[in-house]
Protein chains: 2
Amino acid sequence: MDPHDKPPSRDTGAARVLDPSAVAETFRREIRAELAALPEPLFLVGVLAADHGPSYTYAEYTRKACEDVGVRFEIRHATRLSAESAIRSANEDAGVHGIMVYYPIFGTEQDVYLRDSVDPSKDIEGLHTYWARCLYGNQRFLDEAKTKKAILPCTPLAILKLVEAAGFFGQGERPLEGRSVCIFNRSEVVGRPLASMMAHDGAHVTSFDIDGALLFVPSSSGGTHEVHETTVDRAGALRQADIVVTGVPSRSFPHVQASEIREGSLCINFSTFKNFSDDIQTKASVFVPRVGPMTVTMAIRNSLRLYKNTHPTG
Amino acid sequence: MDPHDKPPSRDTGAARVLDPSAVAETFRREIRAELAALPEPLFLVGVLAADHGPSYTYAEYTRKACEDVGVRFEIRHATRLSAESAIRSANEDAGVHGIMVYYPIFGTEQDVYLRDSVDPSKDIEGLHTYWARCLYGNQRFLDEAKTKKAILPCTPLAILKLVEAAGFFGQGERPLEGRSVCIFNRSEVVGRPLASMMAHDGAHVTSFDIDGALLFVPSSSGGTHEVHETTVDRAGALRQADIVVTGVPSRSFPHVQASEIREGSLCINFSTFKNFSDDIQTKASVFVPRVGPMTVTMAIRNSLRLYKNTHPTG
C-alpha cells in the first residue's frame, strides 16, 4: 500500500490528499438531475486518432463518465488525416450535441487549427478561440438578457472547482481576493486561461513558462484582468504562494520541493508527469495529485450549458 | 567577392540565381497602377514588439516597400503584452485598411491567438484561420458573384509567384500538373498552405516536418486537395523533385546537397537560415536564396484585394 493512500492527519503534518473523483461525484449528482430535466438525452462524440496511450485511456474514461451520468457517448476513430473531416461531420450533424477531440493529433500547431475547426456551440472543452476571447474579455454571457452563459475551458475550470473544494475559495464577487497563486504552465489550453480566471476572481497570479514569468492581476478598473511583466523568480513566487498549480509535461522540470513552498499551501498537479517532490505533503495542507476526472466532468457540464444555450426554453 | 555573385552561366552548369527583388518589382508596377485608381491612399499599420532583430528589419523593409508603391505605412510599437490591444485598436479604426504583425511576439502558441485576433478583412498576411479555411477548402471567392477574392497567405503566395517567374509554371487550370515538389516545412503559416496551394495547382508534393512526410496531391474528385501518409524519405523525394522548397529555421538541418537533387531543378529557400549547400548551384537550374521582398509585395497586393472586397465599386 502506498503510504500516501493512508488517511491524512493534520497532527503529523501530512497534507490532505484531495481525490478529484470524489469532488467530481458531487458535480455529477447535479449533472444527473439537470440531464433528467432535458427533453432528450445528450449525445456527445469523441474524436480519437490514437488506438492506445493517454488519449485512448482518456477517451475510455470519458465513455465511463458519460455512462455514469446518462449521457450517450460515441468514440469516432480517425486517423490524424481524417480527424478534421470527422470533426466537420460531427459539427454538421444536428443530432450531435457536443464534441470532444483527443489531442495531440499532429502534435504541432496544426492541432490549434483542429481545435478551431470544432463548432464553438459544440465545443464542450471550451478551447475554441471564440471561447478564449470571451474569457480574456471577461464576457460571461453571450446575450444581453444574460440567459446564455459562456463556456470556460474544462481543465482550468476543473482546477478552480478543486481550489474551491479544497477550501481556498472565499465569498463574494472575488473569491480569491488576497490569494497569491503560482502556476507553472502558460499554454493556451490550461495555464493562460487559468491565470486569467484566477485574476478575475481576485488572485495575484505569477505564471511561469519556459520563457519566464508574467503577473496576472485583477483589473484596477473593473472588467478584465491585467497582465504585467515581472522580475519575480520561482523561489520568490513559491515562497509567497497560497496556491501552487503545476502542469509541466517534462521529466526535466525540477520538482517543487517542500522547502520551496509556504506552510499550509494548496498544491495541485495537472500534468501527467510528476511535478511535485514526495515531501510536498509534509508542508502543504492539501495536495491534489491529478485533475483528470474533474476535467471530464466539467466537459460534460459544459455540454449541458451549450445544450441550453442552443435549445432555450420559453 | 563571393563567387556566387558572379553572373551565372548555363555553360558552366551554374544555376541562375533569381533575385526576388527583381520579381517583386514587376508586381509593384501593377500595384502602383491599381493604387492610383483607388479613391483614397491605402493606409497599413505594422504592429512591432521588437526594437531590433529580424522583426525590426522586416518592419523597416515593409516601410520602404510601402513608400515605394505609394502606400501609407505606420509602425506601431508595442510590448508583447500590449500587442493584442494594438491589434484591436487597428481592427476598430476604420481609417486603417490593413494590418501586419511582426512575429514572433511570444514565440509560443499565444502567437497563434494573436494571429487570430487580427480582423480577417484587414489581415494582409492572410494568416487568420478564416483564410486558412478558405484555402484548404479551395474556396477562391467570398461571394456567389465571384467579385470578392479570398486572400492567400503572403509567403506561400510569394513562393508560387517565384516558381512562375522561374519558368516552372505551365498553362491552364493546373499549371503545376506533372510537377513533383519537395517542401521542408509544414508550419501553419507557410509549409502546409504552400503544399495545399501547389496540390491545387496540380503538383504532387512531399511535405516534410520534424515528424516525417505527408503527400499533398491534386484531388481526384475535383475541388480541394488530398493528403496521404507516405513512406517516401528525404532521399527519394529529393531525387524526383522538380522543385525543392526549404524553410527550416535551424542550424542543425542537414543542408540539401547537389548530390541529392535532380539535375535542372528549381531550389527555393525561404528560411532566414541557410538550408542549401553551396554546391546546389552546380546542379539546379534556378536558385532562389530568399523570398522576403516578394512576401512584403504580396502582402501589399493582398491589402489591395481586401480594400476592394470591403469597398466594392458599382
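**View 1. Relation of chain B to chain A in the predicted model**. A rotation of 180°, with 0.0 Å of shift along its axis, places chain B onto chain A with an RMSD of 0.0 Å. The two copies are therefore related as by a two-fold rotation axis. In general, two copies of a chain are related by a rotation about an axis together with a shift along that axis.

**View 2. The surface through which the copies meet**. Of the interface residues of chain B, 100% are also interface residues in chain A, so the copies meet through the same surface.

**View 3. The open sheet of chain A**. Eight strands make up this sheet, arranged in the order 1-11-10-9-5-6-7-8, and their pairing is mixed. Strand 1 (16–17) and strand 8 (226–229) of chain A lie at the edges; each has a single partner strand, so one side of each is left without a neighbour in the sheet.

**View 4. Strands 9 and 10 of chain A, with helix 6**. Strand 9 (residues 243–246) and strand 10 (residues 266–269) of chain A run parallel and are joined by four bridges. Within this pair, Ile243(A) has Leu266(A) of strand 10 as its bridge partner. Helix 6 (residues 154–165) of chain A packs on the sheet, where it touches strand 1, strand 9, strand 10 and strand 11 (286–288). The direction of helix 6 makes about 150° with that of strand 10 of chain A.

Notes:
Residues numbered from 1 in each chain as written. Chains lettered and ligands numbered in written order. Predicted model: local features only at pLDDT ≥ 70, side-chain atom pairs only at ≥ 80, totals over all residues. Heavy atoms only, no water. Least-squares fit on C-alpha atoms with pLDDT ≥ 70 in both. Contact = heavy atoms within 4.5 Å. Pairing = 2+ DSSP bridges. Helix = DSSP H or I, 4+ residues; strand = E, 2+ residues; numbered from the N terminus. Axes fitted to C-alpha atoms, helices over the stretch in contact; angles between N-to-C directions.
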